[in-house]
Amino acid sequence: MPAQSKVEAVQALTAKLKDAKAMVFVDYKGISVNEDTELRKNAREAGVEYFVAKNRLFKIALKEAGFDTDVDDLLEGTTSFAVGYEDGVAPSKLIFDFGKKTKDKILPTQK
């Protein structure tokens, strides 16, 4: 039986996914703490929620939210997520612009 904290984490992630208009999977390995802090600040200003979640829990939440897609190759290693609830383009623009600024240290995860 899974721990209650993990069940609650999956429930919270599922709720976020159901409300999302757009989501970007991000490989954040290689950015510094200062760059991460700046990215989070930029995300707040853009109305984007940027967070890190355990890959396994996120995968479960995707299924519970009704996304029946294979994302195993996207959920490897260090993965964070940029989610837009109001603007469907904002998460992609945020990560793209930040990637250019940091010389591609951070990139959208691609298949």
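**Salt bridges in a predicted model**

Glu 38 is partly exposed, with 26% relative accessible area (buried means under 20%, exposed over 50%, partly exposed in between, using a 1.4 Å probe and protein chains only). This is a predicted model: local features need pLDDT of at least 70, side-chain atom pairs count only at pLDDT 80 or more, and totals for chains, interfaces and linings use all residues. Residues are numbered from 1 along each chain as its sequence is written, and side-chain values use heavy atoms, with hydrogens and water left out. Side chains of opposite charge can pair when their charged atoms come close. Six salt bridges turn up in a search of the whole structure (a side-chain nitrogen of Lys or Arg within 4 Å of a carboxyl oxygen of Asp or Glu).

**Helix 2 to helix 4**
- Glu 38 pairs with Lys 101 in a salt bridge, with the closest N and O atoms 2.0 Å apart.
- Glu 38 sits in helix 2 and Lys 101 in helix 4 (residues 90-101), so the bridge ties together parts 63 residues apart in sequence (helices, H or I, have at least four residues and strands, E, at least two; both are DSSP runs numbered from the N terminus).
- Lys 101 is exposed, at 52%.

**Within helix 2**
- Asp 36 and Arg 40 form a salt bridge, at 2.9 Å between the closest N and O atoms.
- The two are four residues apart in helix 2 (residues 33-46), about one helical turn.
- Asp 36 is buried at 19%, whereas Arg 40 is partly exposed at 28%.

**Strand 2 to helix 1**
- Glu 49 meets Lys 16 in a salt bridge (2.8 Å, N to O).
- Glu 49 belongs to strand 2 (residues 48-52) and Lys 16 to helix 1 (residues 4-19), so this pair links parts 33 residues apart in sequence.
- Glu 49 is partly exposed at 26%, and Lys 16 is partly exposed at 24%.
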